[in-house]
Amino acid sequence: MSDGAPGQDLQAGFSFRPYHGDEDHGPMAAVRLGCAERDRVDARSVVEGLPTAAEIAEASAKLEEPSKNQILVVFDGSVVGYSTIRWWQERDDTWLYLHRGYLLPEHRGQGIGSAMLSWAEERIRRLVKQHGTARTAVIGANAMASEQDATALLLAAGYRRVFSLVELELGDLHQLPEPGSELPAGIRTGPIGTSHYHAAWKTVVDSYADTGFAQRWPLQDFLDTADPTCWRAAWNGQDMVGVALCSIRRHDHTVGEVEELSVWTDQRRLGVGRVLLLDGLRSLREQGATTARLFTGTANPHRSYDLYESVGFRRQNEYVRYRKPLA
């Protein structure tokens, strides 16, 4: 197979083939479902849940050259695993080339996962050479803390843990507490209109200024996906000082997500974030959501866990991000 695909050392009955398109989405979704119990997958996760065939089709359509950057594992004619590669540039100019693989538990421990890993790394090296990004490129991989097999495989292959995300859930949006404090003098909150989009985007981007491993977020990308129904902002005079960007999940309207909660540094610890968060959660409830999810970094310097847990959020799974030098 081209593009550095493995296969020569696989056990009898196994083979690798490129992604073919629509015919593969159902079998790929079945692989994810088949991994769920062993890997303790949170089906409702907003970080990485259990995608439907339609959601896998959407994700595949967003890949560059999906037939070259997705590979499927076949055993006796059935799809039993797959790997995907995507890449982006981070704020510090690092080019991250991320691969993610899934393999049914009954086929693990036979060298298949290692072969998938080898294919991904070789394909990434070809992409880096093609893109001319070798000076700042790194290889990345993800695994949930509950994925013991994937974690062991990555650590054995020389990957190191660089950070992780923790997902939190608020189980019942009908049990929201009251804000509990008055806003500081001069601060007001309200919905975000189209004339506020640039200020809202800048408020979020500026909040990540000192955060490592943050993906670049161009204004146009923000505008392309803007859905302000459940967005709320805080102003001090004419200056926007905080935002809560919440949304209803497209494929499950009972689940709301707090995508961003950002408050200017000099306005923190004054109750602004709590009022914004509760405003956003009430908006989600009004739109029909019964539960809410969010995720945040484990190394969060602003102790946002305290805020989230104070309104009823509880921790779920941890999602670990690994990296490995290109060489």
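## Cysteines

The sulfur of Cys246 lies 6.7 Å from the closest cysteine sulfur, which belongs to Cys230, and this is too far for a bond, because a disulfide requires the two sulfur atoms to be within 2.5 Å. The model is a predicted one, and a search of the whole structure finds 0 disulfides. Cys246 has a relative accessible area of 0% and is therefore buried. Cys35 also counts as buried, at 3% relative accessibility.

## Nonpolar cores

The largest nonpolar core contains 39 residues, and those with the most contacts inside it are Phe16, Val73 and Ile112. At least two residues of this core are supplied by each of the strands β1 (14-18), β2 (70-75), β3 (78-89), β4 (95-103), β5 (137-144) and β12 (314-325), and likewise by each of the helices α1 (22-39) and α4 (112-131). The largest share, 9 residues, comes from α4.

## Salt bridges

| Pair | Distance, N to O |
|---|---|
| Glu318 and Arg161 | 2.3 Å |
| Glu169 and Arg293 | 3.1 Å |
| Arg282 and Asp279 | 2.7 Å |

The side chains of Glu318 and Arg161 meet in a salt bridge at 2.3 Å. Because Glu318 lies in strand β12 and Arg161 in strand β6, this pair ties together parts that are 157 residues apart in sequence. Glu318 counts as partly exposed at 23% relative accessibility, and Arg161 counts as partly exposed at 46%.

The side chains of Glu169 and Arg293 likewise meet in a salt bridge, at 3.1 Å. This pair also links distant parts of the chain, with Glu169 in strand β6 and Arg293 in strand β11 (residues 291-297), 124 residues apart. Glu169 is buried, and Arg293 is buried as well.

The salt bridge between Arg282 and Asp279, at 2.7 Å, is formed inside a helix, since both residues lie in α8, 3 residues apart, or about one turn of the helix. Arg282 is partly exposed, with a relative accessible area of 23%, whereas Asp279 counts as buried at 16% relative accessibility. Elsewhere, salt bridges that share partners join Arg32, Glu48, Arg100 and Glu147 into one network.

With which side chains does the side chain of Ser164 make a polar contact? One is that of Arg161, at 3.2 Å, and another is that of Glu318, at 2.6 Å; Glu318 and Arg161 are themselves joined by the salt bridge described above. When neighbours within four places in sequence are left aside, Ser164 is in contact with Thr296, Gly297, Thr298, Glu318, Tyr319, Val320 and Arg321.

## Helix α8

Helix α8 covers residues 272-286, and at 1.5 Å a residue its 15 residues should span 21 Å, which agrees with the 21 Å that separates its end C-alpha atoms. Is this helix mostly covered or mostly uncovered? The helix is mostly covered, with 12 of its 15 residues buried. The buried residues of α8 are Val272, Gly273, Arg274, Val275, Leu276, Leu277, Leu278, Asp279, Gly280, Leu281, Ser283 and Leu284. After the helix comes Gly288, whose phi is positive, near 105 degrees.

## A pair of residues far apart

Pro27 lies in helix α1 and counts as partly exposed at 30% relative accessibility. Between Pro27 and Gly193 there are 42 Å in space, C-alpha to C-alpha, and the two are 166 residues apart in sequence.

Definitions and conventions: Residues numbered from 1 in each chain as written. Predicted model: local features only at pLDDT ≥ 70, side-chain atom pairs only at ≥ 80, totals over all residues. Heavy atoms only, no water. Helix = DSSP H or I, 4+ residues; strand = E, 2+ residues; numbered from the N terminus. Expected span 1.5 Å × (residues − 1). Buried < 20%, exposed > 50% of the residue type's maximum accessible area, 1.4 Å probe, protein only. Polar contact = N/O pair within 3.5 Å; in protein donor to acceptor, adjacent residues only side chain to side chain. Contact = heavy atoms within 4.5 Å. Core = buried A, V, L, I, M, F, W, Y, C linked by side-chain atoms within 4.5 Å. Salt bridge = Lys/Arg side-chain N within 4 Å of Asp/Glu carboxyl O.
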